[in-house]
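Work through these exercises with the model at hand. Try each task before you read its solution.

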Amino acid sequence: MADKQALEKQIIDVLKDNPFCSFGTVEGNRPKVRYMALFHDGLQLHLATSRKTHKVEELKDNPQVFLLVGYDGKWGREVLSIEGKGEVTKDDSLREKVWSKELERWFSGPDDPDYVILDITPERIELTGPDMETKVWER
């Protein structure tokens, strides 16, 4: 158990250092990827988006998601490959918790009816270190 806790801490440290990710959903039978701001509470991941986006519809049809976190164009950093399930949160308190000034570009505030939070529950995380060694965390 100590090894899993140590790996979780290492994963959380990578999440803290990376406020953005590549977020992949499935549209029909094809993958669709976009960059998004990433928020987290431990290993529970959150993404802010508009209720009117394709990704919200894509998650209704297929909740399987993939996130790539940490690659900055150069090797030498830790990278996370995250497989999981996504859904629009049922926890309205997250709208306030995730809200930041940067989101004012798209939304009038945390009470904007189009502003929603996607909850991402990881099922499998691969952490690849600078030495290219990969460690696997699974729920």
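Contact means heavy atoms within 4.5 Å. This is a predicted model: local features need pLDDT of at least 70, side-chain atom pairs count only at pLDDT 80 or more, and totals for chains, interfaces and linings use all residues. Residues are numbered from 1 along each chain as its sequence is written, and side-chain values use heavy atoms, with hydrogens and water left out.

**Exercise 1. Find the surroundings of Thr-128.**

Step 1. Locate the residue. Thr-128 sits in strand S7, residues 115-128. Strands (E, at least two residues) and helices (H or I, at least four) are DSSP runs, numbered from the N terminus.

Step 2. Check its accessibility. Thr-128 has 14% relative accessibility, so it counts as buried. Buried means under 20% relative accessible area, exposed over 50%, and partly exposed in between (1.4 Å probe, protein chains only).

Step 3. List the contacts. Leave out residues up to four places away in sequence; Thr-128 then touches Arg-77, Glu-78, Val-79, Glu-133 and Thr-134.

Step 4. Look for a polar contact. One of 3.1 Å joins the side chains of Thr-128 and Thr-134. Such a contact is a pair of N or O atoms within 3.5 Å; within protein, one must be able to donate a hydrogen and the other to accept it, and residues adjacent in sequence count only if both atoms are side-chain atoms.

Step 5. Compare sequence and space. Leu-80 and Thr-128 are 48 residues apart in sequence, and their C-alpha atoms are 6.5 Å apart.

**Exercise 2. Is Glu-27 buried, exposed or partly exposed, and which residues does it touch?**

Step 1. Glu-27 belongs to strand S1, residues 20-27.

Step 2. Its relative accessibility is 35%, so Glu-27 counts as partly exposed.

Step 3. Beyond four places in sequence, Glu-27 touches Lys-32, His-54 and Glu-58.

**Exercise 3. Describe the aromatic pairs.**

Step 1. Count them. The structure holds two. Rings of Phe, Tyr and Trp (its six-membered ring) pair if their centres lie within 6.5 Å; planes under 30 degrees apart count as stacked, over 60 as edge-to-face and the rest as tilted.

Step 2. Take Trp-99 and Tyr-115. Their ring centres are 5.2 Å apart and their planes at 85°, so the pair is edge-to-face. Both residues are buried.

Step 3. Take Phe-107 and Tyr-115. The centres are 5.1 Å apart and the planes at 55°, so this pair is tilted.

Step 4. Join the pairs. Trp-99, Phe-107 and Tyr-115 form a cluster linked by ring pairs.
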